[in-house]
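Subject: Structure handover

Hello,

Here is the structure I promised to pass on. Please open it next to this email and follow along.

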Amino acid sequence: MIRKLKIFFEMIKFEHTLFALPFAYVGTILGAVTENHALPTWAQCGWILLAMIGARTAAMSLNRLIDKAIDARNPRTANRAMPAGLLGTAEVVLFIVVSFGLLFWAASQLNRLALELMPIAVFMTVFYSYTKRFTWACHLVLGLTLGLAPLGGWVAVTGTVSPAAFVLFLTVALWSAGFDIIYACQDVDFDRKEGLHSIPARFGIARALGIARTMHAVTLVGFILLLALTDLSWWYLIGTIAAGALLFYEHRLVSPNDLSKLNAAFFTMNGVLSAVVFVFTFIDLVVVRSW
């Protein structure tokens with residue numbers, strides 16, 4: 001059983017929860033301070049953590065299940081747990097059911113709106129995995145799905161959706177879509193051969209990287225816009241400037257003729273970026289204001 005769990009967590013890349021979890025807590029803290037003029041409770045933070053674990057685990061498990069046959073044909077993914085026969089369909093389905101159960105339980109402990117909006121999150125996690133079969137806009141769908149993390153954090157502590165929450169949602173969505181475009185560049189030849197859709201496969205790697213740069217430029221605009229819509233101050237601005245530097249460096253790591261550093265650009269830089277934005281938001285809204 002422990003071996004199976006280890007294989008499962010490796011399959012879903014559990015550590016990559018760090019991409020979305022910091023932004024979920026950015027939405028949590030920012031929403032609580034902006035709308036409630038108070039910090040979120042420890043209980044709320046705990047339920048949000050469980051909701052994120054449930055949602056992210058279900059999403060990745062679904063993706064691996066739905067793409068099992070495709071992964072088996074792709075040399076880059078053929079060694080994943082399901083195509084390699086390390087996990088069976090029934091086992092993964094069980095993990096999915098348990099994960100969605102955890103998400104439902106956690107949402108029910110927060111507020112009515114969080115519970116009412118949960119079906120949207122479930123739909124998006126299922127829908128995304130099919131989009132590359134019919135549209136190159138699949139990256140945008142993934143972005144909108146991951147953007148639900150900070151929006152969910154905001155809703156969880158406020159029970160409302162405000163313009164600032166929507167800006168945060170779109171900002172994280174564009175950031176996510178941009179880095180997914182970069183990640184998809186490594187599968188251009190396979191996607192074209194299989195008739196799968198992506199921005200790199202449709203427009204070529206050079207134009208795809210240009211589209212990703214544009215999305216990340218707009219991401220920075222979104223982060224800055226939050227300064228005007230909330231009580232964030234210059235501490236948060238420092239974090240935004242650092243995030244901009246990280247995005248610039250991320251795009252310096254890859255080029256149409258050299259994708260050898262793609263994993264560093266995708267995994268390392270984006271994990272650090274989300275942590276940086278959270279840390280400076282936390283300093284701004286929690287640490288500094290408690291002095």
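Below is what was found in it, from the overall fold down to single residues.

Please keep in mind throughout that this is a predicted model.

**Overall fold**

The chain is helical. Its secondary structure comes to 14 helices and zero strands. Read along the sequence, the pattern is α-α-α-α-α-α-α-α-α-α-α-α-α-α. The radius of gyration is 19 Å, close to the 19 Å that the globule rule gives for 291 residues, so the chain is as compact as a globular protein of that length. Along its principal axes, the C-alpha trace spans about 55 × 45 × 30 Å.

Two totals describe the packing. Buried residues make up 51% of the 291 residues. Of the contacts with a separation of 6 or more, 74% are between residues 24 or more positions apart.

**Aromatic pairs**

The whole structure holds 10 aromatic pairs. One of them is Phe 166 with Phe 169, a tilted pair. The ring centres are 5.8 Å apart, with 40° between the planes. Both residues lie in helix H9, which covers residues 163-184. They are three residues apart, about one turn of the helix. Their surroundings are worth checking on screen. Phe 166 counts as partly exposed because its relative accessibility is 44%. Phe 169 is buried, with a relative accessible area of 9%.

Now go along to Trp 175 and Phe 179. Their ring centres are 5.0 Å apart and their planes are at 75°, so this pair is edge-to-face. Trp 175 and Phe 179 also both lie in helix H9. Here the spacing is four residues, again about one turn of the helix. Trp 175 is buried at 2% relative accessible area. Phe 179 counts as buried too, at 3% relative accessibility.

The charged end of Arg 202 sits over the ring of Phe 203, 4.8 Å from the ring centre.

**Leu 62**

Leu 62 is found in helix H3, residues 42-66. Is Leu 62 buried or exposed? Its relative accessibility is 10%, so Leu 62 counts as buried. Leaving aside residues up to four places away in sequence, Leu 62 touches Ile 96, Phe 100, Thr 125, Val 126 and Ser 129. Leu 62 and Val 93 are 31 residues apart in sequence, but 8.1 Å apart in space, C-alpha to C-alpha.

**Thr 77**

Thr 77 lies in the loop between helix H4 (68-73) and helix H5 (89-108). Although it is in a loop, Thr 77 is buried, with a relative accessible area of 2%. What does the side chain of Thr 77 reach? The side chain goes to the backbone oxygen of Asp 71, at 2.9 Å. Not counting residues up to four places away in sequence, Thr 77 touches Ile 70, Asp 71 and Pro 83.

**Cysteines**

A search of the whole structure finds zero disulfides. A disulfide is a covalent bond between the sulfur atoms of two cysteines. Cys 185 is buried, with a relative accessible area of 3%. Cys 45 is buried as well, at 18%. The cut-off for buried is under 20%.

**His 37**

Last, a backbone point. Most residues other than glycine have a negative phi. His 37 has a positive phi of about 55°, although it is not a glycine. His 37 is found in the loop between helix H2 (17-36) and H3. At 64% relative accessibility, His 37 counts as exposed.

Best wishes

How values were computed:
Residues are numbered from 1 along each chain as its sequence is written. This is a predicted model: local features need pLDDT of at least 70, side-chain atom pairs count only at pLDDT 80 or more; totals for chains, interfaces and linings use all residues. Side-chain values use heavy atoms; hydrogens and water are left out. Helices (H or I, at least four residues) and strands (E, at least two) are DSSP runs, numbered from the N terminus. Buried means under 20% relative accessible area, exposed over 50%, partly exposed in between (1.4 Å probe, protein chains only). Contact means heavy atoms within 4.5 Å. Rings of Phe, Tyr and Trp (its six-membered ring) pair if their centres lie within 6.5 Å; planes under 30 degrees apart count as stacked, over 60 as edge-to-face and the rest as tilted. A charge sits over a ring if NZ of Lys or CZ of Arg is within 6 Å of the ring centre and within 35 degrees of the ring normal. A polar contact is a pair of N or O atoms within 3.5 Å; within protein, one must be able to donate a hydrogen and the other to accept it, and residues adjacent in sequence count only if both atoms are side-chain atoms. A disulfide is a pair of cysteine sulfur atoms within 2.5 Å. The radius of gyration is taken over C-alpha atoms; the globule rule is 2.2 Å times the number of residues to the power 0.38.
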